[in-house]
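Subject: Structure handover

Hi,

Here is the structure for you to look over. My notes follow below it.

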Amino acid sequence: MRRIEPAAVLGVMSREVANFRTFWRSTTFSSLIEPMVYLLAFGLGLGTTLVTQVDGIDYVEFVGTGMVATAVVFASALPAMFGTFVKHRFQRTYDAILAAPVDVEELVSGEMLWIGLRAGVFGTFPLLVTIGFGLEPVPGMLLVPFFAFVTALAFAGFGIAVAGSVAKIDQFNYVTTLVITPMFLLAGTFFPIDQLPEWAQVLSQLNPLHQLVVLVRDACFGFEPTDLLRLAGLVALVFAMWRLAVRQLTNRLID
Amino acid sequence: MAAIELEGVVKTFGPIRAVDGLDLSVPAGICLGLLGPNGAGKSTTMRLLTGQAIADRGRLRVLGYELPARSKDARARMGVVPQLDNLDIDVTVEENLAVFARLYRVPDIAAAVDRALALARLGDRRGDAVDELSGGMRRRLLIARGLVHRPRLVLLDEPTVGLDPQIRAEIWTLIEGLRAEGATILMSTHYIEEAERLADRVALMARGKVIASGRPGELIAEHAGRRTVEYYAPPQARAAVRRAAEAAGLGVRSAGPALVIVGSERAPAGLVPEEAITRPSSLEDVFVELTGEELE
């Protein structure tokens, strides 16, 4: 493997930061308001009528903690897919970056790190909102941005790999419908998965979003020894997605 | 040492041989115009030089670095101005420059940005988003971005394509200044005038190969003589002159409603009709003489 130069990775990230400064307000607004809307709807809708508690947790707190995973996937996989495709195909940004002393590996690493950091921050917003709704703050919660960051790195790598593989932008629909939406619904955000059929439970264990949901809930309500295994699984996934993203984008960008 | 040396370079895309045995040497300190019609392989050559395309065969050296293995070292010392604008349009002028100063590992970012702003004459627009600039300003910024790290070698890919004449002249002045500073320039273009004005040497490219190269004046003298005649007349009159010119061994072609006779100073007395227009021969004439194809 070639040497990765931090200066190149930071340069790629600095371009993202410069662009982010032009649209951070709208992103921050929606990242804060969206979990509020969900919590109000589910809390007032389901929480006061059908379910009051799940696994001994208030339903609003159950959904609120689970929504960290929702925020993470929507702040990582989708920006990575669309952002990469647009920067490559429409803006030709990558042609300019790769003409500088930056290799595809450094480009992918910079993009993944920036999306990871951003989603790590925005991923904690649902947790902050849930605290506002009455969730008790505990020290374990300080690890939530880290869990969100790690998971976001994996989804960023996944999104970049997808963008490096599709021929047209509308093919993203297949990925969102067949991968993102089922993962999001079977993560255990809105209902516990232990009441699902066994095959769905097995699938959920393979779902990185479910692992994040469990890690976040355990950060709020008490860690279990298996959490280390879950984290290790996510870290392994990050590495796999990073290599896949580098490979797919190299095939796309270098003739 | 030559700044760029290509030997026997081949690059295919499926059945298409975009670059087909290309030999090219660009000595340090000159401006070489790579001239050819669309599809001649100019853009692929540019991508090979920046490591964004990998040659199937052949040897490539840029600033002494072997490609693709040492491509990154070469890119660090080379500036690239793309044909299509890929600036970040929502970001300010100075941030666009600062990002690339970082990508090129420039030690003093602020000084490099100031210098590039002065070069592009955009000092008073530094805080504006690129979106608010005119087409000419954007092109100047694009060039300044490629020069932000003071490269020894600059690749200009069709620097004035699609620009109106006034802006084109502005860009030529900018390139002229760069040349005066001693940078090596490889400029691809399909505009004859651009190549004749700016290039110390030109390489004519067709079907993935360099078919002729040298100083513009020498190439013209060698392949197209001093003067060329354009004869606008009814078809029958043109046909008669054409037969006579061909019999005299002169280069002849049709260009729309005109008959073109290349190297007309060598024509026997009385062959060229008095009403024909005489002009100096150009690289276009050289190109057509050598390939039978038009450039623009």
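Domain bounds here come from an automatic or database domain assignment. Please keep in mind that this is a predicted model.

**Domains and overall build of chain B**

For chain B, the assignment gives domain 1 (2–220) and domain 2 (226–280). Taken over C-alpha atoms, the centres of domain 1 and domain 2 of chain B are separated by 38 Å. Chain B has 10 helices and 14 strands. Its C-alpha trace spans about 70 × 45 × 35 Å along the principal axes. Chain B has 296 residues, and 47% of them are buried. Take the contacts in chain B with a separation of 6 or more: 67% of them are between residues 24 or more positions apart.

**Helix H1 of chain B**

How many of the eight residues of helix H1 (residues 42–49) of chain B are buried? Seven are, so H1 is largely enclosed by the rest of the structure. The buried residues in H1(B) are B:Lys42, B:Thr44, B:Thr45, B:Met46, B:Arg47, B:Leu48 and B:Leu49. B:Gly51 follows H1(B) and has a positive phi, near 75 degrees.

**Backbone points to check**

Most residues other than glycine have a negative phi, and most peptide bonds are trans. Chain B has some points to set against that background.

- B:Leu63 is not a glycine, yet its phi is positive, about 50 degrees. B:Leu63 sits in the loop between strand S4 (57–62) and S5 of chain B. The cut-off for buried is 20 or more other C-beta atoms within 10 Å. B:Leu63 has 21, so it is buried.
- B:Arg105 also is not a glycine and has a positive phi, about 60 degrees. Its place is the loop between helix H3 (93–103) and helix H4 (109–119) of chain B. Here 14 other C-beta atoms lie within 10 Å, so B:Arg105 is partly exposed.
- The peptide bond that joins B:Leu67 and B:Pro68 is cis, with omega about 0 degrees. B:Pro68 lies in the loop between strand S5 (65–67) and helix H2 (71–76) of chain B.

**Strand S13 of chain B**

B:Ala258 lies in strand S13 (residues 258–262) of chain B. Is B:Ala258 buried or partly exposed? It has 16 C-beta neighbours inside 10 Å, so B:Ala258 counts as partly exposed. Neighbours within four places in sequence aside, B:Ala258 is in contact with B:Glu230, B:Tyr231 and B:Tyr232. B:Ala258 and B:Leu67 are 191 residues apart along the chain, and their C-alpha atoms are separated by 47 Å.

**Helix packing**

Two packed helices are described by the angle between their axes and the distance between the axes. I have one pair from each chain.

In chain B, helix H8 (residues 216–224) packs with helix H10 (residues 283–291) at an angle of about 45 degrees. The axes of H8 and H10 are 9 Å apart. H8(B) and H10(B) are therefore oblique to each other. Their crossing is left-handed. On the H8(B) side, the contact is made by B:Pro216, B:Leu219, B:Ile220, B:His223 and B:Ala224. On the H10(B) side are B:Leu283, B:Asp285, B:Val286, B:Glu289 and B:Leu290. By class, the residues of this contact of H8(B) with H10(B) divide into seven nonpolar, one polar and two charged.

In chain A, helix H2 (residues 24–44) packs with helix H4 (residues 59–90) at about 145 degrees. The axes of H2 and H4 of chain A are 10 Å apart. The crossing of H2(A) and H4(A) is right-handed. H2(A) brings A:Ser31, A:Pro35, A:Tyr38, A:Leu39, A:Phe42 and A:Gly43. These meet A:Tyr59, A:Val60, A:Val63, A:Gly64, A:Met67 and A:Ala71 in H4(A). The contact of H2(A) with H4(A) has nine nonpolar and three polar residues, and no charged ones.

**Where chain B touches chain A**

Chain B puts 23 residues into the contact, and chain A puts in 24 residues. On the chain B side, H2 and H3 each supply at least two residues. Which helix gives the most to the side of chain B that touches chain A? H3(B) does, with five residues. The residues of that side of chain B divide into 12 nonpolar, three polar and eight charged.

Best wishes

Definitions and conventions: Residues numbered from 1 in each chain as written. Chains lettered and ligands numbered in written order. Predicted model: local features only at pLDDT ≥ 70, side-chain atom pairs only at ≥ 80, totals over all residues. Helix = DSSP H or I, 4+ residues; strand = E, 2+ residues; numbered from the N terminus. Buried ≥ 20, exposed ≤ 12 C-beta atoms within 10 Å, placed from the backbone. Axes fitted to C-alpha atoms, helices over the stretch in contact; angles between N-to-C directions. Parallel < 35°, antiparallel > 145°, perpendicular 65-115°, else oblique. Left-handed = near helix turned anticlockwise from the far one by under 90°. Contact = placed C-beta atoms within 7 Å. Nonpolar A, V, L, I, M, F, W, Y, C, P; charged D, E, K, R; others polar.
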